[in-house]
Amino acid sequence: MDQKRRLQAQIKDNLQKIGSRLNGRPMTVAFIGSVGVGKSSLINTIATAMGTGCWQQHAYTGGHGGQADPVTTVIRRYPQCCRPEEHRNPLFPTLIDVQGLPEHLEGPWSDVLSLLFYGRIPEEENLHDVIGYLQTRDDIRRPKYIRGRDRLKVDRVVVVASATQLLPVDLLQSIVEIARPIQGRSRRGIPIFGVMTKSDLVDPDVDTEYLQKEQRFKDILGLQGTPRFLRCINYCSDIDPDNNMIFQSYPYLDVPVLRLMTQICDPAIEVVHQREPYPYQHLTREKTFWILMAVVVIFLAFALLLR
Ligand SMILES: Nc1nc2c(ncn2[C@@H]2O[C@H](COP(=O)(O)OP(=O)(O)O)[C@@H](O)[C@H]2O)c(=O)[nH]1
Ligand SMILES: [Mg+2]
C-alpha cells in the first residue's frame, strides 16, 4: 500500500510540473489497439490504481466474441482518470478509449487519426462519420474539422496489445508514423508507450513465442531499453472470478500500472513541436481559393469600368 501511495504522490508531483507547461490544462492520453486486447480494462485498471477506492467499471469492457462493431468507432473520454468527483484536480489526465479502429489504416483513416491527435475531432464523434465527411470534401471545405481545441489534443499515445493475440503489425506501424511523423507536412511528435496486457495468460520465463512477440512490439514502437513499456495484468474476471474487486483494490495490479503512469506523466518527456498547427494544404494550392480570387478581380474590373 505504501508503494501505491508513494507512486501516486510522485504522479501528482509530475502532473503539477507538466500542468504549467500545458497552460494548466490536463494532458490527454489516448489508448489505441485492436478490438479485445484490453484497452477498456486497462483504463479501468488505471482508474483504480490512481484512486483510493475499489475497482469500478467506467469503460465498458468485454466484447462479443472479439467482433468489432463495424459502424461505430467512437472516442470515449474519461476526464480526471475516470473519477472527477474523487480527484477534484483539474490536472489529472483525461484518458481516451479509441474503439474499433480497423487493423489496416488505409486511405482517409490515417488522416482521421492525425486529426484526432491534433484535437480536431469533437467529442463523441463516430470516426466512420468523419471518414464519410472527408471522402466527400476537399481540403478547403472542411469547416467541421478545421478548428483545433487544445484540450482535445492528444499528448501521449498508449498502444495496447495482448499477450495472447496476434500483433497487428500494420496498425502498429501506422500509429507510429502518424504519432511521430518523420516526413511530410505534419511535425507534431507524440511520445508513444506500449502495454502488453493479459500477461497472466503467458509465462514469459519459458514462452519464447511470447518473448518474440514482445520484442517485435517494442521494436516497432521504438520502446527497446526504455521504461515506456509495461507487461500488465488488468482487473478482470480471469484473475478475480468472484468479483471481489468491487469491494477492494489489489496493489499487485495497481503498482505496475502506477509505475507506467509516472512515466506517462514524466515532465521530461515532451511532445515535439507542441504548438504545431494541423498541416492543411497551403491555401494557394486550393481550387476554391483561385475561384474566389477570380471573382474579386472581375468585380474590381467592373467597378473600374463603371467609374
Ligand atoms: N486474463 C486477462 N484477461 C483480460 C485482461 N485484460 C482484459 N482482459 C479480458 O479481455 C476481454 C476484452 O477486454 P476489453 O477491455 O473489453 O478490450 P478492448 O476491446 O480492447 O476494450 C475482456 O473479457 C477482459 O476481461 C488481462 O490482463 N488478463
Ligand atoms: Mg473497449
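Predicted model: local features only at pLDDT ≥ 70, side-chain atom pairs only at ≥ 80, totals over all residues.
User: What percentage of the residues in the chain is buried?
Analyst: A residue is buried if 20 or more other C-beta atoms lie within 10 Å of its own, exposed if 12 or fewer, and partly exposed in between, with C-beta atoms placed from the backbone. Among the 307 residues in the chain, the buried share is 36%.

User: In what order do the strands form the open sheet?
Analyst: Two strands pair if DSSP finds at least two bridges between them. The edge strands, each pairing on one side only, are β2 and β6 (229–231), and the twist from one strand to the next averages 20°. The 6 strands have mixed pairing, and their order is β2-β3-β1-β4-β5-β6.

User: Which residue of β3 is the bridge partner of Val29?
Analyst: Strands β1 and β3 run parallel and are joined by 4 bridges, whereas β2 and β3 run antiparallel, also with 4 bridges. For Val29, the bridge partner in β3 is Leu95.

User: Which residues of β3 point the other way from Thr94, Ile96 and Val98?
Analyst: In a regular strand the side chains alternate between the two faces of the sheet. Strand β3 is mostly covered, since 5 of its 5 residues are buried. Thr94, Ile96 and Val98 point one way, and the residues that point the other way, likewise buried, are Leu95 and Asp97.

User: Which strands does helix α6 touch where it packs on the sheet?
Analyst: Strand β1 (residues 28–32) runs parallel to β4 (residues 156–162), the two being joined by 4 bridges, and Ile32 stands opposite Val159 in β4. Helix α6 (residues 169–179) has a direction that makes about 175° with that of β4, and the strands touched by α6 are β1, β4 and β5 (192–197).

User: Is α2 roughly parallel or roughly perpendicular to α8?
Analyst: Two packed helices are described by the angle between their axes and the distance between the axes; axes are lines fitted to C-alpha atoms, for helices over the stretch in contact, and angles run from 0 to 180 degrees between N-to-C directions. Here α2 and helix α8 (residues 251–264) pack at about 95°, with axes 9 Å apart. Angles under 35 degrees count as roughly parallel, over 145 as roughly antiparallel, 65 to 115 as roughly perpendicular and the rest as oblique. The relation of α2 to α8 is therefore roughly perpendicular.

User: Which residues come nearest to ligand 1?
Analyst: A residue is near a molecule or strand if its C-beta atom, placed from the backbone, lies within 6 Å of it. Helix α2 (residues 39–50) gives the largest share of the shell around ligand 1, namely 3 residues. Of the 20 residues around ligand 1, those that come nearest are Gly38, Ser40, Ser41, Cys236 and Asp238.

User: What is the phi of Cys82?
Analyst: Most residues other than glycine have a negative phi, and most peptide bonds are trans. Cys82 is found in the loop between β2 (75–78) and α3 (84–87), and is buried because 23 other C-beta atoms lie within 10 Å. Its phi is positive, in a residue other than glycine, and is near 75°.

User: Is Arg88 buried or exposed?
Analyst: Arg88 lies in the loop between α3 and β3 (94–98), and has a positive phi of about 45° although it is not a glycine. Because Arg88 has 9 C-beta neighbours inside 10 Å, this residue counts as exposed.

Methods
Residues numbered from 1 in each chain as written. Chains lettered and ligands numbered in written order. Contact = placed C-beta atoms within 7 Å.
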